[in-house]
Amino acid sequence: MTALGRLQGSLRRASGRVLDVLLPPRCLACAGEVAEQGTLCATCFTGLSPISPPFCARCGVPFAHGEGESLCPRCAARPPAFAAARAALRYDAGAKRLILPFKHADRTELAWPLARQMARAGAGLLARAELIVPVPAHWRRLLGRRYDQAALLARALGRIAQRPVALDLLRRRRRTPPLADKGAADRAITVQGAFALARKGGALVAGRRVLLVDDVVTSGATSEACALVLLEAGALAVEVLAAARVPDPRLRDA
Ligand SMILES: [Zn+2]
Ligand SMILES: [Zn+2]
């Protein structure tokens, strides 16, 4: 991103839409010129890989080929606690151009293009959701980062779909070590017991269809741990919507 783009981004955040008339609209990802403020240029937009069928009916992992309603081997062997999971984008170079600055560089306005992609991929999930709940960041991580990206996505989705959002319903009880270098089984053990419901959260969850929102889904271990807490609190069903997911390497040739 250029210095001009960064400056424009911070000015825009500081002054809201007043500057729109003064500065030409810029692509949110690359700062190239666009027709409308708050959008992506054609190059960045076509660089995204939306996840489309065929994918696992349950966890949403994309299949290389196949048709109809089918389950991936993992869901067939042991169905997850959540009823369905969907993600808008494959977590590839194109998605990283949006998600990495969103997560690590304070580019909070990127929540909007991501949420719009999520609303498309998760239209069915949003339509039946009665409560939107973000996967919580640990408070110590929040102190370092000043905001929580899953909460920003949840709030944007709540506005797009006109659904209630409960930002502080789930809590991270302890900090989990980075999961990046762990396999699926290790990830599941690492996040076990890492989440809890906020006090008095039960009344909000009981009997409701809850949509859990996260930025990137990798193994699904975090979604699974959060879904278990919500179901234990009496949620009718839990579904998961993420901005991006890491395709399961084992299914590449399936
Ligand atoms: Zn661009
Ligand atoms: Zn699956």
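Me: Which residue stands opposite Ala242 in strand 6?
Reply: Ala87 does. This is a predicted model, with local features needing pLDDT of at least 70, side-chain atom pairs counted only at pLDDT 80 or more, and totals for chains, interfaces and linings using all residues. Residues are numbered from 1 along each chain as written, chains are lettered from A and ligands numbered from 1 in written order, and side-chain values use heavy atoms, without hydrogens and water.

Me: What makes strand 1 and strand 6 a pair?
Reply: Strands (DSSP runs of E, at least two residues, numbered from the N terminus) pair if DSSP finds at least two bridges between them. Strand 1 (residues 84-90) and strand 6 have 6 bridges, in the parallel sense, so they count as a pair. Strand 5 (residues 209-217) also pairs with strand 6 in the parallel sense, over 8 bridges, and there Leu211 stands opposite Glu239.

Me: Why is strand 6 largely enclosed by the rest of the structure?
Reply: Buried means under 20% relative accessible area (1.4 Å probe, protein chains only). In strand 6 (residues 237-245), 9 of the 9 residues are buried, so the rest of the structure largely encloses this strand.

Me: Why is the site of the zinc ion (ligand 2) called tetrahedral?
Reply: Its donors (N, O and S atoms within 2.8 Å of the metal, or 3.2 Å for Na, K and Ca; water is not among the atoms, so sites may look incomplete) are the SG atoms of Cys56, Cys59, Cys72 and Cys75, at 2.3 Å. Four donors count as tetrahedral if all angles lie between 85 and 135 degrees; here the angles are 104 to 114 degrees, so the site qualifies.

Note on methods: Four donors count as tetrahedral if all angles lie between 85 and 135 degrees; four count as square planar and six as octahedral if opposite donors are over 155 degrees apart and all others between 65 and 115; anything else is irregular. Buried means under 20% relative accessible area, exposed over 50%, partly exposed in between (1.4 Å probe, protein chains only). Helices (H or I, at least four residues) and strands (E, at least two) are DSSP runs, numbered from the N terminus.
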